[in-house]
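Here is a short briefing for a first look at this structure. Start with the overall picture, then move to single residues.

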Amino acid sequence: SSVGKHFFVRDEDGGFYEVPVEEAGVKVEWTHLTDDGKAYGQHKTGNSTTLFVWDSHNGAVKLGVIPGKDITAINNKGQVLIQAVSERRDGKSICYPAIWQGGHVTKLRGLEGQLGIESEESYGFDMNNKGEVVGKSLASVVYKNQVFKRMHAVKWVNGRAIDLHNRPPGRGTSSATAINDSGKVLLDQEGWKLSGNGYTFNANTIKDDSNRHIFGLGTVNQLIHVDEGSIWMKADNIVNINDSDAVILNATTIYGEPHAMLALPVDTP
């Protein structure tokens, strides 16, 4: 409105609630909503964030101060994923994602790579209701006695980092940006230059736990098919996946218009 921003929650029964913009003397930005109708908000100051929760029965409650500035996911258990927390170690700066729950912070260690050295730089981008986290981590890999440091897509299960990058050592980068409750991961990979025509192949894919492609986009890896009589011309990039494996994409029509596309899984022989 003319006097500032307002936040609302509409529940499944149609109840409409306004969530307070200011609480405990500070302005709150409400950013996350869980399946049980709880809204989570944050107030950022310096390198820390004050976390608030709201529901229609208890109103707004201050939960406490958490480290890090960016909250990227909150699940139904009240686990809060912090994208990265920075600290100094052995004279150098490192960053890693962490999970905050009820005042306790759990650090997520990055990929050790082939040298057995913990990553200096890791980020968490999404978390499901099982507490599994996806993101990216700087990994040290070796090829012909040469060390390469590359960002690799990573999935944390029970706190253990699993490398999802499936390119040769030192080739390209990747990042995991979303995960659903069945463990399927949205994987964004930078590919390679194809000889002869000089363009870069970029794959944006969704994989399951066995690393099989569920959906994929790209010049080579085209796994989403559109009917010939459709208005859709192309799917540009995958945005997210839900627990039914339905996918939302950015796409373009035959008239050059950008639109959202919904892709639903189908049974294939």
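**Overview**

Of the 269 residues in the protein chain, 41% count as buried (under 20% relative accessible area, with exposed meaning over 50% and partly exposed in between; 1.4 Å probe, protein chains only). The model is predicted: local features need pLDDT of at least 70, side-chain atom pairs count only at pLDDT 80 or more, and totals for chains, interfaces and linings use all residues. Residues are numbered from 1 along each chain as its sequence is written, and side-chain values use heavy atoms, with hydrogens and water left out.

**Whole chain**

- The protein chain has zero helices and 23 strands (DSSP runs numbered from the N terminus: H or I of at least four residues for helices, E of at least two for strands).
- The accessible surface of the chain is about 14900 Å², and 48% of that belongs to carbon and sulfur atoms (Shrake-Rupley method, 1.4 Å probe; for residues, only the protein chains shown count as cover).
- Among contacts (heavy atoms within 4.5 Å) between residues at least 6 apart in sequence, 33% join residues at least 24 apart.

**Confidence**

- Mean pLDDT (the predictor's confidence in each residue, from 0 to 100) is 82 for the protein chain, and 81% of its residues reach 70 or more.
- Confidence is highest in strand β13 (residues 122-127), at a mean of 96, and lowest in strand β19 (residues 200-207), at 52.
- The pLDDT is below 50 over residues 191-202, a stretch with 25 contacts in the model beyond near neighbours in sequence.
- Residues 218-223 also have pLDDT below 50, with 15 such contacts.
- Where pLDDT is low, the predicted coordinates should not be read in detail.

**N75**

- N75 lies in the loop between β9 (71-74) and β10 (80-89).
- N75 counts as buried because its relative accessibility is 1%.
- Leaving aside neighbours within four places in sequence, N75 contacts T34, M127, N128, N129 and G131.

**T50**

- T50 sits in strand β7 (residues 48-55).
- T50 is buried, at 12% relative accessible area.
- Not counting residues up to four places away in sequence, T50 touches G41, Q42, H43, K62, G64 and V65.

**M233**

- M233 belongs to strand β21 (residues 232-241).
- With a relative accessible area of 48%, M233 is partly exposed.
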